[in-house]
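The report that follows describes one protein model from its computed geometry.

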Amino acid sequence: MLVRCCICAGLAALMARKRSGGCCPRPPLNEDNARFCLLAGFILLYLLCGAAVFSALERPSELHARRLWDQQLANFTLSHQVSLGALHTLLRQYEEANGAGIRVDALRPRWDFSGAFYFVGTVVSTIGFGMTTPATIPGKIFLIFYGLIGCAATILFFNLFLERIITMLAYIMRWCHERRMSRSGVGPVSGVGEPRSEEDSLEGWKPSVYYVMLILGVASVLIACSASSLYCSMEDWSYMDSLYFCFVAFSTIGFGDLVSSQRERYEAQDAYRLGNCLFILMGVCCIYSLFNVISIIIKQILNWILTRLACPGRRCPCSCPKRGLCRRRHRYTDASVETVCNSETDAGMGVDGVAGGRRLSGEMISVNDFTASNKVSLALLQKQLCETAHQGPRQSHVPRHNGFSGGVGAFAIMNNRLQETSVDR
């Protein structure tokens with residue numbers, strides 16, 4: 001329904017624009033709102049399709065398990081001469097004990113130091129298996145404040161992890177280029193006789209978003225396969241169940257049907273628990289970063305769809321041919337003309353008139369500009385990767401002292417937006 005509303009709004013704007021003699025239709029919604037509505041419609045459709053598929057796959061198994069359980073209850077009450085009501089009361093009491101961490105089989109202590117450390121790790125990483133939960137009122141109150149700070153700090157850590165990946169790839173790309181140039185006997189094109197910091201030298205070597213997605217995908221698969229081999233031998237799970245647990249844990253879904261390192265005793269217990277924590281940490285970092293990068297590609301697809309709706313059947317001369325709905329502006333400097341592609345910060349141009357969407361070093365961020373341009377959007381704050389999604393490394397002649405410190409993700413790049421108002425360039 002939301003998708004149809006967006007399409008109808010776009011077609012109505014197209015007819016109005018044609019009657020007015022314009023180049024391309026200008027929909028009543030701006031690009032941010034149109035992209036948001038289109039994404040909401042696709043997510044709703046995705047949820048409906050997923051519900052249909054899982055219902056078809058899992059519903060027969062659920063009905064079979066229900067019939068089997070009812071039969072077992074009837075057989076138990078007949079063979080042991082126990083009333084069904086008394087048995088249900090006992091089962092409810094066991095469910096309450098199960099919520100407190102009591103199991104039929106002997107498991108590791110829940111709230112000794114190692115068990116509590118495992119618990120807080122699942123809290124701050126937002127995995128939340130549900131095997132261990134606080135049962136006291138003070139524990140629940142402390143969890144609220146503890147998780148508020150811990151989850152925010154961990155998300156920032158994941159964003160900084162992605163920054164380090166991008167920086168590492170930039171170093172590798174620059175090193176390979178310089179090595180190839182030195183072998184061919186050609187000196188560096190620029191920077192001769194000029195002092196150049198490491199951060200400035202990486203400006204033109206930001207990797208493509210597709211390269212980053214490929215590397216993170218390969219790393220995630222390798223970590224998941226290695227961890228699954230460990231879980232197969234230590235937890236006696238099948239390899240498929242181990243892969244399933246890895247994705248559920250690494251993606252921080254955390255159903256809790258399978259949880260590692262919960263038995264009371266293991267062979268080489270200390271080494272296994274250390275390896276389990278390291279695998280989960282590396283897996284969560286890679287999968288979170290991979291989700292971050294995939295969201296950029298989804299945004300590009302949405303931009304392409306909106307462009308096709310705005311200019312159906314012909315190439316729009318007033319939009320970027322390679323970047324969908326983004327507008328091209330040129331920032332004139334002493335040495336060159338830098339093309340800046342910014343699809344969502346143009347709203348702020350009318351407020352303070354800053355060329356190229358960048359603020360000067362001494363300018364403060366106004367609340368009006370902050371809220372008008374919706375700069376807290378996660379998709380907007382991933383612009384560093386989006387800029388190179390459709391082009392290779394470009395050499396920039398405009399020095400930037402923050403380099404890759406701009407950040408990727410909600411918290412890190414918002415920090416960069418604040419840093420741009422205080423760092424002298």
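## A buried loop residue and its surroundings

Ser-261 counts as buried, at 1% relative accessibility, where buried means under 20% relative accessible area, exposed means over 50% and partly exposed lies in between, with a 1.4 Å probe and protein chains only. Ser-261 sits in the loop between H8 and H9, and although Ser-261 is not a glycine, its phi is positive, at about 55°. The helix names follow DSSP runs, with helices being H or I runs of at least four residues and strands being E runs of at least two, numbered from the N terminus.

This is a predicted model, in which local features need pLDDT of at least 70 and side-chain atom pairs count only at pLDDT 80 or more, while totals for chains, interfaces and linings use all residues. Residues are numbered from 1 along each chain as its sequence is written, and side-chain values use heavy atoms, with hydrogens and water left out.

A positive phi also occurs at Gln-81, a residue other than glycine, where the value is near 55°. Gln-81 is placed in the loop between H2 and H3, and Gln-81 is exposed, with a relative accessible area of 71%.

## The chain as a whole

The protein chain has 13 helices and two strands. Of its 425 residues, 38% count as buried. Among contacts (heavy atoms within 4.5 Å) between residues at least 6 apart in sequence, 65% join residues at least 24 apart.

Two residue pairs illustrate separations of this kind. Leu-162 lies in helix H5 and is buried, with a relative accessible area of 1%; Leu-162 and Cys-286 are 124 residues apart in sequence and 8.2 Å apart in space, C-alpha to C-alpha. Leu-214, placed in helix H7, counts as exposed at 55% relative accessibility, and the C-alpha atoms of Leu-214 and Val-293, 79 residues apart along the chain, are separated by 9.9 Å.

## Helix packing

| Helix pair | Angle | Axis separation |
|---|---|---|
| H2 (residues 31–80) and H3 (residues 84–99) | about 120° | 10 Å apart |
| H4 (residues 113–124) and H5 (residues 137–183) | roughly 65° | within 8 Å |
| H2 and H9 | about 110° | 10 Å apart |

H2 and H9 are therefore roughly perpendicular to each other, given that angles under 35 degrees count as roughly parallel, over 145 as roughly antiparallel, 65 to 115 as roughly perpendicular and the rest as oblique. Their contact is made by Glu-31, Ala-34, Arg-35, Leu-38, Leu-39 and Phe-42 of H2 and by Ile-298, Lys-299, Leu-302, Asn-303, Ile-305 and Leu-306 of H9. By class, the contact of H2 with H9 has eight nonpolar, one polar and three charged residues, where Ala, Val, Leu, Ile, Met, Phe, Trp, Tyr, Cys and Pro count as nonpolar, Asp, Glu, Lys and Arg as charged, and the others, Gly among them, as polar.

For H2 and H3, the angle of about 120° makes H2 oblique to H3. On the H2 side the contact is made by Trp-69, Leu-73, Phe-76 and Thr-77, and on the H3 side by Leu-84, Leu-87, His-88 and Leu-91. The residues of the contact of H2 with H3 divide into six nonpolar, two polar and no charged.

## Nonpolar cores

A nonpolar core is a set of buried Ala, Val, Leu, Ile, Met, Phe, Trp, Tyr and Cys residues joined through side-chain atoms within 4.5 Å. The largest such core has 25 residues, of which Phe-129, Ala-227, Tyr-231, Phe-245, Cys-246, Phe-250 and Ile-280 touch the most other members. Helices H7 (209–235), H8 (239–250) and H9 (269–310) each supply at least two residues of this core, and the largest share, seven residues, comes from H9.

Ile-280 touches Tyr-118, Ile-127, Tyr-231, Phe-250 and Ser-260, when residues up to four places away in sequence are not counted. A second, separate core of ten residues includes Ile-166, Leu-169, Val-212 and Ile-296.

How values were computed
Axes are lines fitted to C-alpha atoms, for helices over the stretch in contact, and angles run from 0 to 180 degrees between N-to-C directions.
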